[in-house]
There are 2 protein chains.
Amino acid sequence: MARALTIIPIDGVAEIGTGDVLAELIVAAGRDQGTPCVDGDCLVVTQKIVSKAEGRLVELDPDDTDARRRLVESESTRVLRRRGELLISETRHGFVCANAGVDLSNVTAGFAALLPVDPDRSARRIRDGIRAHGGVEVAVIVSDTFGRAWRIGLADVAIGVAGIAGVVDLRGEVDALGRELQVSEIAVADEIASAAELVMGKADGIPVAIVRGLDPAWFRDGTTRELVRHPSEDLFR
Amino acid sequence: MARALTIIPIDGVAEIGTGDVLAELIVAAGRDQGTPCVDGDCLVVTQKIVSKAEGRLVELDPDDTDARRRLVESESTRVLRRRGELLISETRHGFVCANAGVDLSNVTAGFAALLPVDPDRSARRIRDGIRAHGGVEVAVIVSDTFGRAWRIGLADVAIGVAGIAGVVDLRGEVDALGRELQVSEIAVADEIASAAELVMGKADGIPVAIVRGLDPAWFRDGTTRELVRHPSEDLFR
């Protein structure tokens, strides 16, 4: 039998403040609930707690729509679409999402959370910290919840990765019938982020999940740049 | 601790032919490998074997690009973009994807697989069959591998659902800090399809996975129409 995958929510991480060392808190919370991280795990950590730990919070009156619009525009490098208060834009990282990832939920009233400046670096820092505090070698994905073109509903994607591929390229491999694969580049980091979201629950505020049993071949130096389509290659920008 | 999720690949399903009863084969394969389906599981079944079982195969010379183009156009209701041999179009179901879901990999040479006519009905038929052959109540998602706007790489999404929500609406719920949630509609069926893809592997050709431990509140009569954004509501069509 091919290997099964297990996704374990970590729900004992306390409310995060600026300067908190996420790796230390995650290692402790995993141990406290009896599911410590082990070698080969991939940890998915929501953007919200990463932004809080990194102090990426700005004061914002939630009822001041002008201030909110200015903040979103200042976090955008290019506006794709605008409808009412919703703005679909490209961030400095190259992500296309609603309101440049600026988020008001699960943040203290009067504040908004911005995306981390360099989410790959954030992921690397957590990964290094888990090695230091937990003595284990894991991959880390920083996830966020994005809308999609054409389909209703939001899904979690990877905005930062460390120690794991963004995209796995199967080109050149052959299918079970010996034909070269058409379907070739799988966005595994996004799929892992989506899988982890299933145990998190927006309302519960579970900020971390362990994904255990992933293909060892996917563990390598990765970057979310693998996942960002360059505007010149994009048919929908 | 919140409940963990387990994703179990079922790899003993033989090559599928027209008229095969998928539910019977899936129940048998699950039992044979020691992981029978149980009440509350969600089965993810790839479109490829559903199309094969339903005889949705047409002869196609893979080197005849004109014939391929005509086939893709005949499966499309609207063409969004065209670049070389790649065509991004809308299918009769309302899905936006490459080449109208027409697929040549893991199909006998000289044939192409088309999407099921009514993938929700396909999912219901498998669900009913698993109740009949396995005596268990499961949800079923028919999955396919789609590209995305803005992001590189493919990810699996739901093209048919039975017994499970397409989208879960959290509007009105409050976050851990008592604020009403901004992020509201989660495409759980797509996230489940993506999660299952992680144990399938395109080259291995594992066509079915059991997803065990999902939130019981998500099990209801669902339809993929919940996931299809109407063109008039879509900023990118």
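Good morning. Chain A is divided into domain 1 (1-54 + 116-227) and domain 2 (57-115), with bounds that come from an automatic or database domain assignment. The model is a predicted one, in which local features need pLDDT of at least 70 and side-chain atom pairs count only at pLDDT 80 or more, while totals for chains, interfaces and linings use all residues. Residues are numbered from 1 along each chain as its sequence is written, and chains are lettered from A and ligands numbered from 1 in the order in which they are written.

Let me stay with chain A. The centres of its domain 1 and domain 2, taken over C-alpha atoms, are separated by 24 Å. Across the boundary, 11 residues of domain 1 of chain A are in contact with 11 residues of domain 2 of chain A; contact requires that the C-beta atoms, placed from the backbone, lie within 7 Å. On the domain 1 side, helix H2 (47-53) and strand S8 (139-146) of chain A each supply at least two residues, and H2(A) provides the largest share, 4 residues. Helices (H or I, at least four residues) and strands (E, at least two) are DSSP runs, numbered from the N terminus.

I turn to the two chains. A rotation of 180° with 0.0 Å of shift along its axis superposes chain B on chain A, with an RMSD of 0.0 Å. That is the relation of a two-fold axis. The superposition is by least squares on the C-alpha atoms of residues with pLDDT of at least 70 in both copies.

How many residues of chain B are in contact with chain A? There are 66, and they meet 66 residues of chain A. H5(B) gives the most to this side of chain B, with 9 residues. Of the interface residues of chain B, 100% are also interface residues in chain A, so the copies meet through the same surface. Strands are taken to pair if DSSP finds at least two bridges between them.

Finally, chain B holds an open sheet of 3 strands in the order S4-S5-S6, with antiparallel pairing. Strand S4 (76-83) and strand S6 (96-98) of chain B stand at the edges, each with a single partner strand, so one side of each has no neighbour in the sheet. S4(B) is joined to strand S5 (residues 86-91) of chain B by 6 bridges, and Val79(B) has Ser89(B) in S5(B) as its bridge partner. Thank you.

Technical notes
Contact = placed C-beta atoms within 7 Å.
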